[in-house]
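This briefing describes the fold shown below, beginning with the sheet and then turning to the helices. Please keep the sequence and the structure in view while reading.

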Amino acid sequence: MIILGFDPGLATLGYGVIEKDLKGKVKMIDYGIISTPKGVALPERLCLIEKGVKQVIEKFKPDEIAIEELFFAKNVTTGINVAHARGVTLLTAVKSCGKIYEYTPLQIKQALTGYGRAEKHQIQSMVMTFLSLKSIPKPDDAADALAVALCHANTNKLGGLFKI
């Protein structure tokens with residue numbers, strides 16, 4: 001099964017693609033980012049995100065897509081822009097794949113480390129360990145997207161519990 005994970009963002013949207021075999025073993029296929037230039041108007045940036053998400057989905061043809069839910073406590077303006085990007089990502093994903101799952105940051109941390117309040121470096125180390133990588137994927141948004149995909153690989157046994 002091919003799982004595509006997204007870490008939503010307006011300036012930088014991370015993606016991570018993994019494969020899970022019938023025995024539950026996972027391997028990394030690819031990861032990267034979709035970026036939009038800062039000086040461009042919001043609608044144009046959202047179009048760039050849609051185009052990038054479509055390209056990633058068409059290239060890897062995932063069986064299931066996992067996306068991180070939004071969590072923002074301080075900067076509401078940034079959160080709103082990320083929500084726009086997340087909405088475009090969800091719309092594009094559901095049109096292309098249909099099997100969409102979402103996870104909170106706490107659920108992702110819990111699935112990878114066993115502790116819902118884990119630090120970023122702990123999550124990145126676990127991504128590296130689970131996928132037998134020599135180094136932590138860069139940039140952070142791509143590593144986070146791989147964490148989302150791994151979270152789904154580890155929890156999708158629960159059926160449609162996290163399906164949206």
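**Overview**

The fold contains an open sheet of 5 strands in the order 3-2-1-4-5, with mixed pairing. Strands count as paired if DSSP finds at least two bridges between them. The edge strands are strand 3 and strand 5 (100-103), each of which pairs on one side only. Direction ignored, neighbouring strands of this sheet are turned by 20° against each other on average.

The model is predicted: local features need pLDDT of at least 70, side-chain atom pairs count only at pLDDT 80 or more, and totals for chains, interfaces and linings use all residues. Residues are numbered from 1 along each chain as its sequence is written, and side-chain values use heavy atoms, with hydrogens and water left out.

Helices (H or I, at least four residues) and strands (E, at least two) are DSSP runs, numbered from the N terminus.

**Antiparallel part of the sheet**

- Strand 1 (residues 2-7) and strand 2 run antiparallel and are joined by 6 bridges; F6 has Y15 as its bridge partner in strand 2.
- A hairpin through 4 residues connects strand 1 to strand 2.
- Strand 2 pairs with strand 3 (residues 26-35) in the antiparallel sense over 9 bridges, and the partner of T12 in strand 3 is S35.
- The hairpin formed by strand 2 and strand 3 has 5 residues between them, and G24 in the turn has a positive phi of about 90°.
- Strand 2 (residues 12-20) is mostly covered, with 7 of its 9 residues buried. Buried means under 20% relative accessible area, exposed over 50%, and partly exposed in between (1.4 Å probe, protein chains only).

**Parallel part of the sheet**

- Strand 1 and strand 4 (residues 64-68) run parallel, joined by 4 bridges; in strand 4, F6 has I67 as its bridge partner.
- Strand 4 and strand 5 also run parallel, with 4 bridges between them, and I65 stands opposite I100 in strand 5.
- Strand 5 is covered on both faces: I100 and E102 on one side, and Y101 and Y103 on the other, are all buried.

**The loop residue P8**

- P8 lies in the loop between strand 1 and strand 2 and counts as buried because its relative accessibility is 11%.
- Leaving aside residues up to four places away in sequence, P8 touches L13, I67, E68, V82 and R86; contact means heavy atoms within 4.5 Å.
- The C-alpha atoms of P8 and D144 are separated by 9.6 Å, although these residues are 136 residues apart along the chain.

**Helices on the sheet**

- Helix 3 lies across strand 4 and strand 5 and runs at about 90° to strand 5. Axes are lines fitted to C-alpha atoms, for helices over the stretch in contact, and angles run from 0 to 180 degrees between N-to-C directions.
- Helix 5 (residues 140-155) packs on the sheet and touches strand 1, strand 2, strand 3, strand 4 and strand 5; its direction makes about 40° with that of strand 2.

**Helix 3 with helix 4**

- The axes of helix 3 (residues 105-113) and helix 4 (residues 120-130) come within 9 Å and cross at roughly 50°, which means that helix 3 is oblique to helix 4. Angles under 35 degrees count as roughly parallel, over 145 as roughly antiparallel, 65 to 115 as roughly perpendicular and the rest as oblique.
- K109, L112 and T113 of helix 3 make the contact with Q122, I123, M126, V127 and F130 of helix 4.
- These residues divide into 5 nonpolar, 2 polar and 1 charged. Ala, Val, Leu, Ile, Met, Phe, Trp, Tyr, Cys and Pro count as nonpolar, Asp, Glu, Lys and Arg as charged, and the others, Gly among them, as polar.

- Helix 4 and helix 5 pack at an angle of about 65°, with their axes 10 Å apart.
- K120, I123, Q124, V127 and F130 in helix 4 meet D140, A143, D144, L146, A147 and L150 in helix 5, a contact of 7 nonpolar, 1 polar and 3 charged residues.
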